[in-house]
Amino acid sequence: MTEQETLYALALTRVPSLSLLNKRILLKELGSATAIYEHRRDINDVLPDANRRTVEALSAMDEHLPRAEEEMQFARQGHIRCIGIFDADYPARLRECTDAPTVIFYRGTADLNALHVVSMVGTRHITEHGKDVCRQFVRQLSTLCPNVLVVSGLAYGVDIQCHRAALENGLPTVAVLAHGLDQIYPTHHRPDAVRMLEQGGLLTEFMSRTPADKKNFVQRNRIVAGMSDATLVVESAAKGGSLITAEIAESYHRDVFAFPGRPSDNYSVGCNELIRHNRASLVYSAQTFLEDMGWETAAERQKKLSDGIQQNLFPDLTEQEQRIVDTLRHHDGLQINMLTVETGIAVGNLSSLLFTLEMKGVVKAMSGGMYRLVYQSS
């Protein structure tokens, strides 16, 4: 975003009486936050169906400019990126969610649109077994499928163990925070957060000076779930924030997995119940997880390359079909939301093209909403 667009986008986020969905609709209809601001007093001229509440809310948009300017200055000084919902580097998976933030604040090096994104969540009262699960799973994942971004919430327990396991095994890891980037909560995890700036990042929808209130943690859980292909629950009691995250992921039609535990373990009850009620798939290793997701391992990809498999023998493709094939050649596989970003083809048209390519035997739909080329040898 330009500085002007950022200013008005931040001001728009401060308008309290408009829902995230309404703000998104306004941005889509008018094309930019700048256009919304320019029509803040005559919105009915460009959107005749805008209701009275929207008209009144936008007419007071000027009140929020000083706070927006302060936040822009804070972001500049802190090397923080303000990313709008329709920016190319906004997490495309999160953009699919109707309650996606209008603007996110991000500092770090990780690609928020990595090929594979996994969120790992669980209890703050992690057991030794839970710690072992985090370490072993992430270590296996780093070997089998090293192009994975690990997302969690920097909290005590499962969150920080997953972040640390990713850091130790060379995987990028992003923490989604329940407060502004002018603080780190809990403060005990500040050294880990600093490391993540070089091997991952810190992300939030909250402006600076926003405290770590309880309600913010529930709100941030939707970002953890929404920006990921799959959510894995490591340990959970019968009730807890990680079960809320799993429920949100399920509502977004994302894959949910849970590590099983002994019936007598209090912090396995939540996981066992998710599995028992078919709300999560059972997972016990990175290998089984990758198989269930339909993700190709590094070894499988290398074998195909060493076998001299050809990827350019598909006949009679239209220009758009060829664009899809060319994009998939450079990846192990992509979900449709990522394909639309990479190809520039609208989702509706893309779905039809993918169906045609399936009929031609060119692509194959995998579990987890993944599409992959059907490789043919010469």
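Residues are numbered from 1 along each chain as its sequence is written, and side-chain values use heavy atoms, with hydrogens and water left out. Because the model is predicted, local features need pLDDT of at least 70 and side-chain atom pairs count only at pLDDT 80 or more, while totals for chains, interfaces and linings use all residues.

In soluble globular proteins, nonpolar side chains tend to be buried together. A nonpolar core is defined here as a set of buried Ala, Val, Leu, Ile, Met, Phe, Trp, Tyr and Cys residues joined through side-chain atoms within 4.5 Å. Buried means under 20% relative accessible area, exposed means over 50%, and partly exposed lies in between (1.4 Å probe, protein chains only). The largest nonpolar core holds 75 residues, and the members that touch the most others are Met 61, Leu 202 and Leu 203. Helix H1 (residues 3-13) gives this core its largest share, six residues; helices (H or I, at least four residues) and strands (E, at least two) are DSSP runs, numbered from the N terminus. Another core, of 28 residues, lies apart from the largest one and includes Val 148, Val 158, Ala 286 and Leu 290.

What surrounds Leu 203, once its neighbours within four places in sequence are set aside? Its contacts (heavy atoms within 4.5 Å) are Ile 104, Phe 105, Tyr 106, Leu 112, Val 174, Ala 175, Val 176, Leu 177, Ile 223 and Met 227.

Next come two helix pairs. Axes are lines fitted to C-alpha atoms, for helices over the stretch in contact, and angles run from 0 to 180 degrees between N-to-C directions. Angles under 35 degrees count as roughly parallel, over 145 as roughly antiparallel, 65 to 115 as roughly perpendicular and the rest as oblique. Helix H8 (residues 128-144) packs against helix H14 (residues 286-293) at about 55°, with axes 8 Å apart, so the two are oblique to each other. On the H8 side the contact is made by Phe 137, Gln 140, Leu 141 and Leu 144, and on the H14 side by Ala 286, Gln 287, Phe 289 and Leu 290. Six of these residues are nonpolar, two polar and none charged. In this grouping, Ala, Val, Leu, Ile, Met, Phe, Trp, Tyr, Cys and Pro count as nonpolar, Asp, Glu, Lys and Arg as charged, and the others, Gly among them, as polar. For helix H16 (residues 319-329) and helix H18 (residues 347-359), the axes come within 10 Å and cross at roughly 80°, which means that H16 is roughly perpendicular to H18.

The backbone also has some points to notice. The peptide bond from Tyr 185 to Pro 186 is cis, with omega near -5°, and Pro 186 sits in the loop between strand E5 (173-176) and helix H10 (190-198). Leu 154 is not a glycine, yet has a positive phi of about 65°; this residue is buried, at 0% relative accessibility. Asn 278, also not a glycine, has phi near 55°, but is exposed, with a relative accessible area of 70%.

Finally, the cysteines. With a disulfide taken as a pair of cysteine sulfur atoms within 2.5 Å, the count is zero. The sulfur of Cys 271 is 10 Å from the closest cysteine sulfur, in Cys 134, too far for a bond. Cys 271 is buried, at 0% relative accessibility, and Cys 97 is buried at 3%.
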